[in-house]
Amino acid sequence: MIVLGIETSCDETAVGVVGPEGVLSDVIHSQDMHAEYGGVVPELASRAHAEKLVVSVRAALAQAGVQRPDVIAATAGPGLVGAVLVGLCHGKALAATWGLPFFGVNHLEAHLLSPLLDQPAPQFPFLSLVVSGGHTALYLAHGLGRYEVVAQTIDDAAGEAYDKVARMLDLGYPGGPVVDRLAATGDPTAVALPRPRPRAELPQTLRRGLSLARSDLDMSFSGLKTAVGAALAGPQPPSPADLCASFQEAVVDVLCDRISRAAQRTGVRRIAIGGGVAANGRLRARVAALGLEAFLPPRARCTDNGAMIANVGRLRALSGPPDPLSLTARAGWPPGAEPSA
Ligand code: KG4
Ligand code: ZN
């Protein structure tokens, strides 16, 4: 079964083709016009998707040597609704024209399961950390469509914190890759920055203010970003390299701490990572050294791509009925929940 996957939830127009042997093609067009605005401008993103999508689909099919796939999958959310709609409607139109089954894919589920595209692939159950520009959560994946949130951020996503720190330092957008590069030349101990502790370790007085519904492994990155701002505004601002290295070490410390605790608590010792921040060199090295069985997808498969959408479409097509062509875009949508819920 050959599946075409379309991803347009943010600022990448991406189309991939996946077959039984794995990825056959993966075409990605990153929109660079957002850099001058310091973040993604939704209207510009939607228009650029509309411009690039037809050529990207043609290129992905040609590179895969496929004339017509067996299944069409497209991101249906979560993401910028206008941007999602461009890819979703294009995918539905292809499916309707060719008379093919269509699957509207959850973008977070696609990141969560992207490690299954490479060998060795993790067996269920496994822990999967999804760290991107809009989401940061650690899931326990029991099986296809069955995901339990073990820990998540209560404020900023880790990628958002990278982007905000990059903005403070005038490093451009997206900030993750440039902070990653600069951090490699700095001293991670140069600036003392806070590591938000798990709720169970907080003093009773602080714990009372937090909602009981939240996991005691939840994370927070907004205070860290504020601390970076304070260090910069202080009497002796650190060098950008030292600040980036210290910031990055704090982010990675928190993520690795929660992974270790989750592994201990659940007894699941397989950890996969996905989402743009999973391309981070320091995070990859630290996760690999945790003493768990680590599954780190290639960097290009951590940031948004079409192959991860095709992957979920393929897994769902092998195990259940397609989605109705009336399916529409969703701005918010927890992985594993019904799209109509
Ligand atoms: O998954 P993704 O491509 O798009 C979303 O679904 O959000 O993630 C984009 C995020 C951005 O915040 C970007 O700064 C961050 O991932 N990112 C990185 C790296 N590459 C991308 N963060 C840290 N280190 C990197 N190497
Ligand atoms: Zn993403």
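Modeller: The chain splits into domain 1 (3-113 + 302-319) and domain 2 (123-296), with bounds from an automatic or database domain assignment. This is a predicted model, where local features need pLDDT of at least 70, side-chain atom pairs count only at pLDDT 80 or more, and totals for chains, interfaces and linings use all residues. Residues are numbered from 1 along each chain as its sequence is written, chains are lettered from A and ligands numbered from 1 in the order in which they are written, and side-chain values use heavy atoms, with hydrogens and water left out.

Colleague: What separates the centres of domain 1 and domain 2, over C-alpha atoms?

Modeller: 27 Å. The contact (heavy atoms within 4.5 Å) takes 16 residues from domain 1 and 18 residues from domain 2.

Colleague: And how much do domain 1 and domain 2 bury between them?

Modeller: About 1400 Å², 72% of it on carbon and sulfur atoms. That's the accessible area (1.4 Å probe) that two parts lose on being put together, summed over both. On the domain 1 side, Leu108, Leu112 and Cys302 lose the most area to domain 2, together 43% of what that side buries.

Colleague: How many salt bridges cross that interface?

Modeller: Zero by the rule, which wants a side-chain nitrogen of Lys or Arg within 4 Å of a carboxyl oxygen of Asp or Glu.

Colleague: Which helices supply at least two residues of the domain 1 side touching domain 2?

Modeller: Helix H3 (107-113) and helix H10 (307-319). H3 gives the most, with five residues. Helices here are DSSP runs (H or I, at least four residues), strands likewise (E, at least two), numbered from the N terminus.

Colleague: Switching topic, what coordinates the zinc ion (ligand 2)?

Modeller: His107 (NE2), His111 (NE2) and Asp304 (OD), at 2.0 to 2.1 Å. Donors are N, O and S atoms within 2.8 Å of the metal (3.2 Å for Na, K and Ca), and water is not among the atoms, so sites may look incomplete. The donor spacing in sequence is H-x3-H-x192-D.

Colleague: Where do His107 and Asp304 lie?

Modeller: His107 is in helix H3 and Asp304 in the loop between strand S10 (293-295) and H10, so the pair ties together parts 197 residues apart in sequence.

Colleague: Which peptide bonds are cis?

Modeller: Phe124 to Pro125 is one, with omega near -5°. Pro125 sits in the loop between H3 and strand S6 (126-131). Tyr173 and Pro174 are also joined by a cis bond, omega about -5°, and Pro174 is in the loop between helix H4 (158-168) and helix H5 (175-183).

Colleague: What's the phi of Asp170?

Modeller: Positive, about 60°, although Asp170 is not a glycine. Asp170 lies in the loop between H4 and H5. Most residues other than glycine have a negative phi, and most peptide bonds are trans.
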